[in-house]
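Hi everyone, thanks for coming. Today I'd like to walk you through one structure, and we'll take it a piece at a time.

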Amino acid sequence: MTNIDKLSIATIRSLAIDTINKAKSGHPGMALGSAPIAYTLFTKHLVAAPSDSTWFNRDRFVLSAGHASALLYSMLHLCGYKVSVDDMKSFRQLDSKTPGHPEFGWTDGVDATSGPLGQGISQAVGMAIAETMVNAQYPEACNHYTYALCGDGCLQEGISQEAISLAGHLKLNKLILFYDANNVTLDGGLDLSFSEDVKARVIASGWNVLEVEDGNDIDAIDAAIVEAKSSDKPTMIMVHTVIGFGSAKQGTNKVHGNPLGDEDGKAAKLSYGFDHDNFYVPEEVYENFKNTFIARGEQAKAVYEAKVAAWKDSNPEAYASFVDACKAKKYDVEYPEFVAGSSTSSRVASGKALNFFMSKLSNLFGGSADVAGSVMTKLDNGSNYFVDNRGGHNLNWGIREFAMASAQNGMLLHGGVRSYVGCFFVFSDYMKPAIRMAALSHLPAIYLFSHDSIAVGEDGPTHEPIEQLAMLRSIPNVDTIRPADERETYAAWNAALDSEKHPTALILSRQNLPLLEGSSKEGVYAGAYVISKEAKKPEFILVATGSEVSLAVDAQKLLAADGIDVRVVSMPCWSYFDAQSADYKKSVFCLDRDHIVSIEMLSSFGWDKYAAHHVCLDSFGKSAPAKDVINAFGFTADKVAAFVKNIK
């Protein structure tokens, strides 16, 4: 290790100490222990260009252990990104560019939002998958590595093993995961809760595992990275570090999530041979990063741009296709003709719509958690993605719902692909933290959730969703659409693909739904609309979603026969409707809440915002044929009509 190496690492550690001390909040432990890992990676290997932090062919870096954000911000500052010393002085303060955990799209140079442990690993897996997909279609445009840094806590989370298993199966050899093995967690020593052989586990999952005994040995870390790059498997580099290195409390949980304080902080810095004022960066350290990381990245970017320019000249159609794949756009297309009187489940309609839109998007990739035949996620004109077919469009995620959703986030963070994932609606619970992460990261993820109600039938209450729709609707920035028929399903897919910064969940039926005369694309985009008008002046409004819209129309007819005039509103997407003008909302819901009835074979939670009366389900379902279950819970036209009459 040269003197400039020592000084640079001391500077990184000192910046992290000062940043956390200034905020009186943060996690110094891993930031200090992992500093040599980050230094070696950034100065010797990572290819990126701070002058263009979104350069498509850059290497990606994910700090899975996002609590060590002070380390990442120190690196970004020294590497020339738009993270100033003043930004670091405002660490964890309101609206600062240096929040407590890294946030994609907020801080320059951050490739992924991270912090909930384990999700960073699976996002990195998704990035590595996307890299192979884009490379298969456009080898001139994409050829890079994906790196991630995790800690002991990340590897205890179940999602990490889901992701590691998948990456090993897919042989994502350009994925390199650093494991800061410091044997300490927040509550104490790792031995309190964890005793497995991580190395053996990861090797058994199809990975190459390299070990560095001394976390301060940058030559050994460098050699491990060089070896990892030549592997035909993904690689974990297990680096044994000392948490809170240099602190009087090093090696203990006391330095995990508490500032060192002025006295211990100064002593730690002196132990590195760093005797300077707080937030001081020696000029030679800036020069070191300029001559290594910045110079390498800018040179690589220049070479890349020259190659892409030559590619554009030699194959303009392929180049234009790549540019098109990398940008958001609206899909204003004519749908196939829908057959009046037809009846189809919205899951089947979704499968048709998926294949319809796939013909217009060569970069559409997706799959399901081992239920492709049930959720209809297969692209008919696409082959299976695998090691020997990186151009395949159908992903077999296996029974890994959480990692599937999180890896999709990584795919979208990478760019160059559009994606979707699917499973039974009740198992969206397994995916919720990743859906929330997509919403936080403003990613246009698409989720296909079928078997959307008690109409699941014989599989019973374990597989019949009740509260899941309310859960999804409660997540900020997520658009949840429950289409009522085939036309609405195509429109829902259209809206999902139009989205640029919102995840979209499509809630799909197992049972057939009749094509409704009044359904429309425009109505779906509005969120709610009058699908069946009143005869003259409505006494009540029946508002429903999905399969219950046709039920409401049937109840409307029974009520009309008894002289009760009602309007039926299809409300496929609450968030779309809430974004409409007050005048439009009033035109749809022309009566007060006391005269509005919601109908949905799911929880009533949330419906009070629109309706005072509910034909919903606030208990678990039953196991029986679907018709019997539906009838048992009162979701029939005559019972809905009787419910309305009782209000009157």
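Let's begin with some strands. Strand β20, residues 613–615, runs parallel to β19, and three bridges join the two. If you look for a specific contact here, Ile599 has Val615 in β20 as its bridge partner. Before going on, please keep in mind that this is a predicted model.

Now, what joins β19 to strand β17? Four bridges do, and these two strands also run parallel, with β17 covering residues 540–544. In that pairing, Val543 stands opposite Ser598 of β19.

So are the two faces of β19 covered or open? Both are covered. Ile596 and Ser598 are buried on one side, while Val597 and Ile599 are buried on the other.

The largest pocket holds about 940 Å³ of space. Its lining has 42 residues, and Phe104, Cys326, Leu412, Leu413 and Gly415 are the closest to the centre. Three helices, α13 (316–325), α16 (401–414) and α19 (486–498), each give two or more residues to that lining. By class, you'll find 16 nonpolar, 14 polar and twelve charged residues there.

The second largest pocket has a volume of about 460 Å³. Here 24 residues form the lining, and Pro514, Ser547, Ser550, Leu551 and Asp554 lie closest to the centre. Which element gives the most to this lining? That is α21, with seven residues. Other elements supplying at least two residues include β15 (512–514) and α24 (626–632). This lining divides into twelve nonpolar, seven polar and five charged residues.

How values were computed. Residues are numbered from 1 along each chain as its sequence is written. This is a predicted model: local features need pLDDT of at least 70, side-chain atom pairs count only at pLDDT 80 or more; totals for chains, interfaces and linings use all residues. Side-chain values use heavy atoms; hydrogens and water are left out. On a 1 Å grid over the protein atoms alone, a cavity is a set of points where a 1.4 Å probe fits but cannot get out, and a pocket is an open set with protein on both sides within 12 Å along at least five of seven lines; lining residues have an atom within 4 Å of a point. Grid points are joined across faces, edges and corners, and a volume is the space filled by probe spheres set on the points. Ala, Val, Leu, Ile, Met, Phe, Trp, Tyr, Cys and Pro count as nonpolar, Asp, Glu, Lys and Arg as charged, and the others, Gly among them, as polar. Buried means under 20% relative accessible area, exposed over 50%, partly exposed in between (1.4 Å probe, protein chains only). Two strands pair if DSSP finds at least two bridges between them.
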